[in-house]
Amino acid sequence: MRAIAPAARAGLLRFVTAGSVDDGKSTLIGRLLFDSKGLQADQITALEAASRRRGLTEVDLSLLTDGLLAEREQGITIDVAYRYFATPARKFIIGDSPGHAQYTRNMVTAASTADVAVLLVDARQGLQPQTRRHAYLARWVGIPRMVLAVNKMDLVVDAREAFERIRAQFHRFATGLGFAEVHEIPVSALRGDMVVSRGEALGWYDGLTLLEYLETAPTRHDDLARSRPGGQSRPLRFPVQRVVRVAGGNAQPDSGFEYGEFRGYQGTIASGEAALGDEIVALPAGTRARIAQILTADGELAHASADMAVTLRLDTQIDVSRGDLFAAPETAPEATQDIDAEVCWFDAEPLVASRPYLIKQGCATVRARFASLAHRIDVDSLRLVDGPDTLHMNDIAHVQLRTQRPLAVDPYESNRVTGAFIVIDEATNRTVAAGTVGRGAQG
Amino acid sequence: MLTAIEAKPASRTQRGWSHLDALEAESIFILREIAAECRNVALLFSGGKDSAVVLRLAERAFFPERVPFTLLHVDTEHNFPEVIEFRDRVVRDRGLRLVVRSVGESIRNGRVRLRTPDEPRNPHQSVTLLDAIAEFGFEACIGGARRDEEKARAKERVFSFRDEFGQWDPKNQRPELWSLYNGRVRPGENIRAFPISNWTELDVWQYVRRERIELPSIYFAHEREVVRRGSALVPVTGLTPAREGERVERLSVRFRTVGDITCTAPVASYAGTVDEIVRETERARITERGATRLDDQTNDAAMELRKKEGYF
Ligand SMILES: Nc1nc2c(ncn2[C@@H]2O[C@H](COP(=O)(O)OP(=O)(O)OP(=O)(O)O)[C@@H](O)[C@H]2O)c(=O)[nH]1
């Protein structure tokens, strides 16, 4: 587990907490913040006052994550709350996500940017349908690493036996999902055992505490920076976010670009490296050029790597617009109008398959039809249900999309930027669904 | 804010990918996305530290192009003079376009009615802001709000949709997956975009240090006449005179936020440099709002209610 020293890790880890209602998510987050000194005096005072108002003698850490009025009225979490804390090893962003199935769209909102999912389960109850559902969704949005925190260990008689049983049960379920890593930790959020400190009660467990795991787990950035098995570097993907033209009048003062003309392509490198002189192919057109300049506000770079926001200039004028993709020619994806995808429907209004929708993928927005709905996935049993004729809120399905213009896509498992999209209803402008491109991406 | 290009390591990955690198890259992506997806964008610029950081990020995002946004200050007219002087200098040096619309004007033309003449004007900024959005037809407004500030903010999307009444509907936010932001609006509707959503107060100060961002002098320790009200220090100014029986003290203080003078409190501090403030922030035991805002302490849900009415 500690194969790579923390120093080599990215300085920011995002994780999402999930699990069934009342499994102790709020208490666990409160505990993490409290024990890692992530709470400030006035927050603690407010927490004490809120606990007192409820007639409690001890501080209830779960009250810390109370959010909106409606949430307090109903006593449930509707939307993600983001929380921040730091230890000397790292900074953390927690996406505290709602447990109710009704708010799945908000859970996946938080999960989509997470490096790690922390899934809670009540040691007395074992896996719940909602635990399975969240595990499935975490995998669907491509979180590579999963921690199963088996909580309320203080309430079970034979703690070790209970932990081993749930661990085995979860392993059976999760192997089918394909996480890069699944890690189970017994905890008591209430007492604080194995969260930040080891505590006294769970001496039989000799693995990492939850915080130790989070401090050392690789992030997506770490994964991107590492070459793939076999020493190959990752293929360059650069979605063109913006075409920038500077002609004297609109240059920044003292930028050195006040005279002459400048045309470049702004974007963030989704994977691989861009180096001066490298050849790129601009998709979907397929035209080629070489990188003539890599510019940031700090000056020129010889090369740039994944996650860096840069401006590229090319050696020849080719026709490029927002939404195009620069890729290395030898490893470029096909541009296609037929996309196999796994879609999760969010909107209260079901899909009308005969209507066109908008797809936003990378920086491109195109019109698309749901050409066919292959099958719906029953998330509890992982069984496929054939031939749905529409999609309702929270349905997950394998579909075939036909886009109006070709898109350069990768399978989501190899690139989460070029392999992901959202679906927008043009009539309402709402984000009604999201999808990940399947392995057989090119139709 | 720096204008000169500093020599920095050729590749940020060579010295590790720090949390500031990650936050900066995310913010730049968001700013570029707003510029690409929305027409006619306002960047809310008050002269405070968060808006100064957002402006710096925008300069870095669009370099060498000038920031393609109109700067908008929704002015309470309850200002610290140092902040306004700073605001105007920044705008002048960068050749940017600044529009100022004031709550005072909204009061004078009857769009805002105060209950008492000296009440804080922060909550009334919503009306002035919505009027400015309508006047200029802004499709999007960029704000420097951070999710660590307050619990309603902790729930808000990066691209936050507002209906034709400027209202935020927290129960029905657009799903926001990956970095696929949905900036689509119909005429009259509006996107509030928050590029530094994921930054904390400490991140902001560390970034101010790293980028050597210039800030108004009141952020740094200085001597000032204050009175104590409850746990807060209240600056003694023309707008906020000492009350009967209050003892005026001269203390070394700095501001952690700057806003309406009638509801912004300084903290006792000797931190006169960015380094010292970073160190103090690392050790701070009180949240930014808890220490410095006199207007949100009365009601747990004050911010949520204000946002529903169109506040940033
Ligand atoms: N004994 C014991 N009780 C716990 C533990 N963790 C949480 N609880 C209790 O379990 C109950 C539910 O905990 P919460 O943290 O509110 O649960 P949640 O999962 O956040 O629930 P939602 O916010 O509704 O999704 C509370 O009464 C907690 O005090 C634990 O480790 N041991």
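Residues are numbered from 1 along each chain as its sequence is written, and chains are lettered from A in the order in which they are written. Because the model is predicted, local features need pLDDT of at least 70 and side-chain atom pairs count only at pLDDT 80 or more, while totals for chains, interfaces and linings use all residues, and side-chain values use heavy atoms, with hydrogens and water left out.

Chain A is assigned domain 1 (6-226), domain 2 (237-331) and domain 3 (335-437), where the bounds come from an automatic or database domain assignment. The centres of domain 1 and domain 3 of chain A, taken over C-alpha atoms, are separated by 29 Å. The contact between these two domains takes 18 residues from domain 1 of chain A and 16 residues from domain 3 of chain A, contact meaning heavy atoms within 4.5 Å.

In chain B, a pair of helices can be followed in detail. Two packed helices are described by the angle between their axes and the distance between the axes. The axes of helix α2 (residues 49-62) and helix α6 (residues 201-211) of chain B come within 11 Å and cross at roughly 55 degrees. That angle makes α2(B) oblique to α6(B), since angles under 35 degrees count as roughly parallel, over 145 as roughly antiparallel, 65 to 115 as roughly perpendicular and the rest as oblique. Here the axes are lines fitted to C-alpha atoms, for helices over the stretch in contact, and angles run from 0 to 180 degrees between N-to-C directions. Helices (H or I, at least four residues) and strands (E, at least two) are DSSP runs, numbered from the N terminus.

From α2(B), the residues B:K49, B:D50, B:V53, B:R56, B:L57 and B:R60 meet B:E201, B:V204, B:W205, B:Y207, B:V208 and B:E211 of α6(B). The residues of this contact divide into six nonpolar, no polar and six charged.

A cis peptide bond joins B:F63 and B:P64, with omega about 5 degrees, and B:P64 lies in the loop between α2 and β2 (70-75) of chain B. In chain A, a cis peptide bond joins A:L283 and A:P284, with omega about 10 degrees. A:D22, a residue other than glycine, has a positive phi near 75 degrees and sits in the loop between β1 (12-19) and α1 (25-35) of chain A.

How values were computed
Ala, Val, Leu, Ile, Met, Phe, Trp, Tyr, Cys and Pro count as nonpolar, Asp, Glu, Lys and Arg as charged, and the others, Gly among them, as polar.
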